[in-house]
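I opened this notebook to record what I looked up, one topic at a time.

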Amino acid sequence: MTKIQKKPWPTKDAMTQIYEMNLWGGKEFDFYSGIGSHYPKIINPYLDAVITFLNSHNKSLVVCDLGCGDFNIGKHLTAYSKKYIAVDIVENLINRNKTLYKEDNLAFYCLDIANDDLPSADCVILRQVLQHLSNKEIENVIKKIAVYKYVILTEHVPLGRFISNKDVISGQGIRIKQNSGVNLLHPPFNLKIKAEQNLGEYILEHNKGRIVTTLYQLF
């Protein structure tokens with residue numbers, strides 16, 4: 001029997017539907033980016049590590065948050081940045097964020113990070129974003145982030161050893177069910193870095209993997 005290939009939605013449409021239908025939970029919220037952006041045991045150590053890094057640069061870094069989501073994370077980081085640029089593909093979400101969050105050093109943009117030009121910055125934050133994108137889209141993103149000095153990457157990956165970078169259709173799901181996860185240093189991405197530092201990880205219950213944050217310094 002010939003396997004019928006699922007036709008992918010445009011990423012913008014898929015992500016918009018996720019928020020409209022609360023597919024990541026949080027039905028009591030107008031927009032909700034999932035437990036990875038709300039559960040205190042996950043986000044508090046993450047915020048401590050990122051704030052420590054930003055403070056080590058005397059709050060002088062321009063930060064570009066690619067896939068800022070509902071901004072429950074980013075709202076804690078603007079005070080430690082020279083400028084904080086928050087980007088997401090979902091237009092209604094960005095309009096909502098503009099209404100709720102107003103700081104002199106904060107700007108929101110609705111952009112498709114795989115296909116649109118990205119703002120200039122010193123440091124990029126990608127928090128559980130690439131895991132939802134196809135390999136082709138990730139490759140497009142990597143070409144753009146190579147010009148930044150620092151990348152703070154958070155990914156949900158399996159416990160133990162896994163096969164890196166199995167391809168997926170962009171959308172709600174991630175590679176975890178295929179015993180795979182995103183590793184930018186492995187093929188087909190092969191991101192070139194000067195140094196890396198593990199900023200922490202959280203082990204999820206019921207063998208659902210781990211959320212790992214890594215700081216990369218690029219050339």
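Predicted model: local features only at pLDDT ≥ 70, side-chain atom pairs only at ≥ 80, totals over all residues.

**Cysteines**

I then asked how many disulfides the structure holds. The count is 0. C68 is in no disulfide, and the nearest cysteine sulfur, that of C64, is 9.4 Å away. A disulfide needs two cysteine sulfur atoms within 2.5 Å. I checked C123 next. C123 is in no disulfide either, and its nearest cysteine sulfur, that of C64, is 9.4 Å away. Is C123 buried or exposed? At 0% relative accessibility, C123 counts as buried.

**The sheet**

I traced the strands. There is an open sheet of 7 strands with mixed pairing. I wrote down its order as β3-β2-β1-β4-β5-β9-β8. Which strands lie at the edges? They are β3 (106–110) and β8 (195–203), each pairing on one side only. From one strand to the next, the twist averages 15°.

I followed β8 to its partner. β8 and β9 (residues 210–217) pair in the antiparallel sense, over 8 bridges. I203 has R210 in β9 as its bridge partner. I noted a general point here: strands of a sheet pair through backbone hydrogen bonds, parallel or antiparallel.

**Helices against the sheet**

What does helix α2 (residues 40–56) touch as it packs on the sheet? I listed β1 (62–66), β4 (123–127), β5 (150–157), β8 and β9. The direction of α2 makes about 170° with that of β4.

Helix α4 (residues 135–145) came next. I found 8 of its 11 residues buried, so α4 is largely enclosed by the rest of the structure. The buried residues are N135, E137, I138, N140, V141, I142, K144 and I145. I looked for what they pack against, and found α1 (11–20), β1, β4 and β5.

**Salt bridges**

I searched the whole structure for salt bridges. The search finds 2.

One joins R96 and D30, with the closest N and O atoms 3.2 Å apart. R96 lies in helix α3 (residues 91–100) and D30 in the loop between α1 and α2, so the pair ties together parts that are 66 residues apart in sequence. I compared the accessibility classes. R96, at 14% relative accessibility, counts as buried. D30, at 47%, counts as partly exposed. What else does R96 touch, leaving out residues up to four places away in sequence? Beside D30, I noted F31, D70 and Y101.

The side chains of E201 and R210 also meet in a salt bridge, at 3.2 Å from N to O. R210 was already in my notes as the bridge partner of I203. R210 has 18% relative accessibility and counts as buried. E201 has 42% and counts as partly exposed.

**Nonpolar cores**

I turned to the largest nonpolar core. It has 30 residues. Which of them touch the most other members? They are F53, F71, L77, Y84, F108, I125 and I152. I then listed the elements that give two or more residues to this core: α2, β2 (83–88), β3, β4, β5, β8 and β9. α2 gives the most, with 9 residues.

Not counting residues up to four places away in sequence, L77 touches L47, V50, I51, L54, Y84 and I125. As a general note, nonpolar side chains tend to be buried together in soluble globular proteins.

**A loop residue**

My last stop was Q172. Where is its place? Q172 is in the loop between β6 (163–164) and β7 (180–181). At 37% relative accessibility, Q172 counts as partly exposed. I looked up its contacts, not counting residues up to four places away in sequence. Q172 touches I18, L23, W24 and H132. I also checked Q172 against N97, 75 residues apart along the chain. Their C-alpha atoms are separated by 21 Å.

Conventions:
Residues numbered from 1 in each chain as written. Heavy atoms only, no water. Pairing = 2+ DSSP bridges. Helix = DSSP H or I, 4+ residues; strand = E, 2+ residues; numbered from the N terminus. Axes fitted to C-alpha atoms, helices over the stretch in contact; angles between N-to-C directions. Contact = heavy atoms within 4.5 Å. Buried < 20%, exposed > 50% of the residue type's maximum accessible area, 1.4 Å probe, protein only. Salt bridge = Lys/Arg side-chain N within 4 Å of Asp/Glu carboxyl O. Core = buried A, V, L, I, M, F, W, Y, C linked by side-chain atoms within 4.5 Å.
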